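Here are my notes on the model you sent. Please read them with the structure open.

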Amino acid sequence: MVVIEKERFPRYHIGESLIPGVHPILAKLEASGEVDSAGLCRKYGVTLLWGRTRELWSVDFSEGSDYDYIYQVKRAEFDNLLMRRARLHGAHVIEDANVTDVLFEGDRCVGVRYTMNGSDQVTEIRARMVVDASGQSRLLARRLKLVEWHDDLKNVAIWTYFQGHLTYGGRKAGNILVENMSDGWLWFIPFSDNTVSVGFVAAAAVVSKMSMSLHDLLEKEIAESLEVSRLLAPARRVGGIRTTRDWSYTCRRFGGPGYLLVGDAAAFIDPLFSTGVALAMNSGSGAAEAISAILAEPAREAELIGLYEDTHRSFVDSIIAFIRYFYDPDKDKEFYWAEAQSIVDPGKERSAREDFISLISGMSPTLTGVSFEKMFEKREVTPIGG
Ligand SMILES: Cc1cc2nc3c(=O)[nH]c(=O)nc-3n(C[C@H](O)[C@H](O)[C@H](O)COP(=O)(O)OP(=O)(O)OC[C@H]3O[C@@H](n4cnc5c(N)ncnc54)[C@H](O)[C@@H]3O)c2cc1C
C-alpha cells in the first residue's frame, strides 16, 4: 500500500477533541497502548451550556459507551503517531508529495499523478484501488462533481489558544465545554500541556454582516459568554487567530469503479459534536475492509462498494440529522436526548440519555465500524472456480 501525503509530518491540523468511537479503530491499528501512554489529556465526557434553561450540564461517556474516556489531542502529534503506525504495518508513505491529478481509464480510476514539493517532475502511480483521503481538498469529488453542500450548515470558525485558564476538577477536568451563544457557539478544549483551544463557530451569513475583524469577533464572543469567559478570566492568549470556512457537505457517491472516498473527502460535518476524526477513522477502516474483500473477489466490487457506502452514509446522515436538531438551542436537554433516541434506538431499549451519550460518543452499534466488520464477515464467499 502506498500513502501519498502533501505535507511533511508532524503538521498542524484542526480537529482536536476526539470521541470514544475512535477507540475500536486504534485497537485495530494496535495503537491503543501507544496512544494511551502518550500523556494526552483524558476526556471523560462533555460539558454543555446549551438549551432553553441556560444551565450547565455534563454527560460522562461511561454512561452510554463501552469506553470511559478518550483524548484531547494536538493533531500534529496524534496524526504523526498514526502515520508511524501505518509505516509499521507496511505502508509505503511518500511525504511532501502533492497529488495533482487522478487517472481514469473509461470510468475506472486506475491511479494518481503527483509531484514532489519543490519539483516539477510528474510521477504516475497505478493501483487496483485508489482511496481519496485528501480531506477538504476532496480531489475525486471535485473531479467527478460529487459535492452537495448543506446550505443550512455554512459556517465560519475562528479560534486560538490560551494558557493559565481555570479547569474543572476531577473527571470533568478534560471535558470539552460547548457553550451556545446568541449567534453561534464556542468550544473550549483543554490539553495536557495546560494550553486550551478556544473557538467560535457561526453562520457565514451572520459573520459577513458583522462590521468587525474576526479577531474582535472572537474576543467579543468570549467576553459575552458565561462559562468560557469565567474559565478564561486569568488566562493569556498564546497563539495567533486562525479561521476557516466550515461548510458541511456530503458527496453524492462514496465510491465507484476502482475508488473509494473516506473522511472529509466523502463528507464534512459541522464540528459541533467533534465527530470528524471518528468519521474519518471509521470510514478508513470500513474502506480497508471493503478493499480486502474486493481484492479477494473482484467480481463483487460494485456490491461491496455499495455496502461500504450505505453503512458510512447512514452514520453521516444520522449525525447531520442530530446536529440540525441540536442547533435549535431553545429546547430542554431531555428533548435533545429524545431526538437522539429516535435516531439510534427507536425501539427505546435504553434510556434517552444513554442514547444521546452513545450517539455523541460515535459508539452506537447501529452507526459504526462494528457493522462494517459484521457486514464484510457475513458476505457469502464464492469458492474459486465454484
Ligand atoms: C473548525 C473545525 C473544528 C473541528 N473540530 C473537530 C474536533 O474537535 N474533533 C474532530 O474529530 N474533528 C473536528 N473537525 C473535523 C476534522 O478536522 C476533520 O473531520 C478530520 O481532520 C478529517 O480527517 P481526514 O483524514 O478526512 O482529512 P485531513 O485530516 O484533512 O487529512 C487529509 C490529508 O490529505 C492531505 N492532502 C490534501 N490534499 C492533498 C493532495 N493533493 N495530495 C496529497 N495529500 C493531500 C493533507 O495534507 C492532509 O494531511 C473540525 C473541523 C473544523 C473545520
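1. The model is predicted. Two domains make up the protein. Domain 1 comes in two pieces, 2-148 and 248-378. Over C-alpha atoms, the centres of the two domains lie 24 Å apart.

2. Domain contact. How many residues does each domain put into the contact? Domain 1 gives 27 residues and domain 2 gives 23 residues.

3. The domain 1 side of that contact. Four strands each supply at least two residues here: β2 (41-43), β3 (45-49), β4 (56-60) and β16 (242-251). β3 gives the most, with five residues. By residue class, this side of domain 1 holds 12 nonpolar, eight polar and seven charged residues.

4. A three-stranded sheet. The order is β7-β8-β9, and the sheet is open. Pairing is antiparallel. In general, the strands of a sheet pair through backbone hydrogen bonds. Which strands stand at the edges? They are β7 (97-105) and β9 (122-126). Each has a single partner strand, so one side of each has no neighbour in the sheet. On average, neighbouring strands in this sheet are turned by 30 degrees against each other, with direction ignored.

5. The β8 to β9 pairing. β8 covers residues 108-116. Five bridges join β8 to β9, and the two strands run antiparallel. For a spot check, take Y114: its bridge partner in β9 is T123.

6. The ligand shell. There are 30 residues around the ligand. Which of them come nearest? They are G15, G135, A157, G263 and G276. The elements that give two or more residues to the shell are β7, β16 and α8 (276-296). α8 has the largest share, with four residues.

7. Shell make-up and origin. The shell divides into 12 nonpolar, 12 polar and six charged residues. Both domains take part: domain 1 and domain 2 each provide at least three residues.

Key
Residues numbered from 1 in each chain as written. Predicted model: local features only at pLDDT ≥ 70, side-chain atom pairs only at ≥ 80, totals over all residues. Domains from an automatic or database assignment. Contact = placed C-beta atoms within 7 Å. Nonpolar A, V, L, I, M, F, W, Y, C, P; charged D, E, K, R; others polar. Pairing = 2+ DSSP bridges. Axes fitted to C-alpha atoms, helices over the stretch in contact; angles between N-to-C directions. Near = placed C-beta within 6 Å.
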